[in-house]
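Notebook open, structure on the screen. I wanted to look up ring pairs, salt bridges and the nonpolar core, and jot down what turned up.

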Amino acid sequence: MPRKTDGILFELQPRPTKGDDGKPLLYAQPVIERKYDLDAIDDFCAKYRHTSKGEIRRLFDLFSEVATMWLREGCRVETPFGSLAPKLRLLGEHTDPSMVTGRDVMYGGIEFIPSRQFVRDADCSLDGFRRKQGSVGNSQMYDPKAMDEALRQSSRKGYITVSTFMVFSGLKRKSAKAYLDSLCEGDTPRLRRYREGRMLHYTVLHDTPTE
């Protein structure tokens, strides 16, 4: 069967929960191959939507000014693409409402609820979906042989950096650092961690082979 070459590219990632076979349950997420910033939107609209150069940027700047003014007042701002409202956080754990004061509450960001029409208009399923080839998420992290080989390859200079380990392991930065850090812990650590300037270096302990 020929491989699908159109449609939205997606990749699989493991969930924290596991299935009946003991393996992590999977979820799909889009592979973001391109990003459009405000300049790109402004350029596109000026070229194809008959707006003047800078008009879209000025519109967004004005909207941001007005919307944040109302959000600071605790209001909800409704737009054709969704509504915005401030989120609040309650500090500490409380069960008695009479004990909660304004000092126990803090700003927690912005809540965005997309409108139904906006969600329908953004439907990306028209051309279907195609899977990105490769390992699932960071599943290689659970393959001891693959990780040992990545350690061996990335320690050729006598030390390992997170960036180098990312290259040979295929892990993303957060997972690569977490894996290296985990090898520095315990009663018999495999690595020693130290800081060289602003960069973390890891060295393989001599009594622990990496092959």
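How far apart are arginine 152 and glutamate 149 in helix H4, in helical turns? I got about one turn, since the two sit three residues apart in H4. Before going on, a note on the source: this is a predicted model, where local features need pLDDT of at least 70, side-chain atom pairs count only at pLDDT 80 or more, and totals for chains, interfaces and linings use all residues. Residues are numbered from 1 along each chain as its sequence is written, and side-chain values use heavy atoms, with hydrogens and water left out.

**Entry 1: salt bridges**

I called a salt bridge when a side-chain nitrogen of Lys or Arg is within 4 Å of a carboxyl oxygen of Asp or Glu. That rule gave me nine of them.

Arginine 152 and glutamate 149 make one, with the closest N and O atoms 2.7 Å apart. For exposure I took buried as under 20% relative accessible area, exposed as over 50%, and partly exposed as in between (1.4 Å probe, protein chains only). Arginine 152 comes out partly exposed at 27%, and glutamate 149 is partly exposed too, at 33%.

Next I looked at aspartate 42, which bridges to lysine 53 with the closest N and O atoms 3.9 Å apart. Aspartate 42 is in helix H1 and lysine 53 in the loop between H1 and H2, eleven residues apart. Is aspartate 42 buried or exposed? I found it buried, at 3% relative accessibility, whereas lysine 53 is exposed at 56%.

Glutamate 111 and arginine 76 meet at 2.5 Å, N to O. This bridge links distant parts of the chain: glutamate 111 is in strand E5 (residues 105–114), and arginine 76 is in the loop between H2 and E3, 35 residues away. My helices (H or I, at least four residues) and strands (E, at least two) are DSSP runs, numbered from the N terminus.

**Entry 2: aromatic pairs**

I paired rings of Phe, Tyr and Trp (its six-membered ring) if their centres lie within 6.5 Å; planes under 30 degrees apart are stacked, over 60 edge-to-face, and the rest tilted. The whole structure has five such pairs. Phenylalanine 44 and tyrosine 48 have centres 4.9 Å apart and planes at 45°, so I logged them as tilted. Both are in helix H1 (residues 38–48), four residues apart, about one turn.

Phenylalanine 63 and phenylalanine 81 have centres 6.4 Å apart and planes at 65°, so that pair is edge-to-face. Phenylalanine 63 lies in helix H2 (residues 55–72) and phenylalanine 81 in the loop between strands E3 and E4, so the pair ties together parts 18 residues apart in sequence. I also noted that ring pairs join Phe63, Phe81, Phe112 and Phe118 into a cluster.

**Entry 3: the core**

My nonpolar core is a set of buried Ala, Val, Leu, Ile, Met, Phe, Trp, Tyr and Cys residues joined through side-chain atoms within 4.5 Å. Which members of the largest one touch the most others? Of its 15 residues, I listed Leu151, Ile160, Phe165, Leu180, Leu191 and Tyr202. Helices H4, H5 and H6 and strand E8 each give two or more residues to this core.

Then I checked H5, where Val162, Phe165 and Ser169 are buried. They span an arc of only 60° around the axis (taken from the directions from the helix axis to the C-beta atoms), which puts them on the same side of H5. Last item: glycine 170 follows H5 with a positive phi, near 80°.
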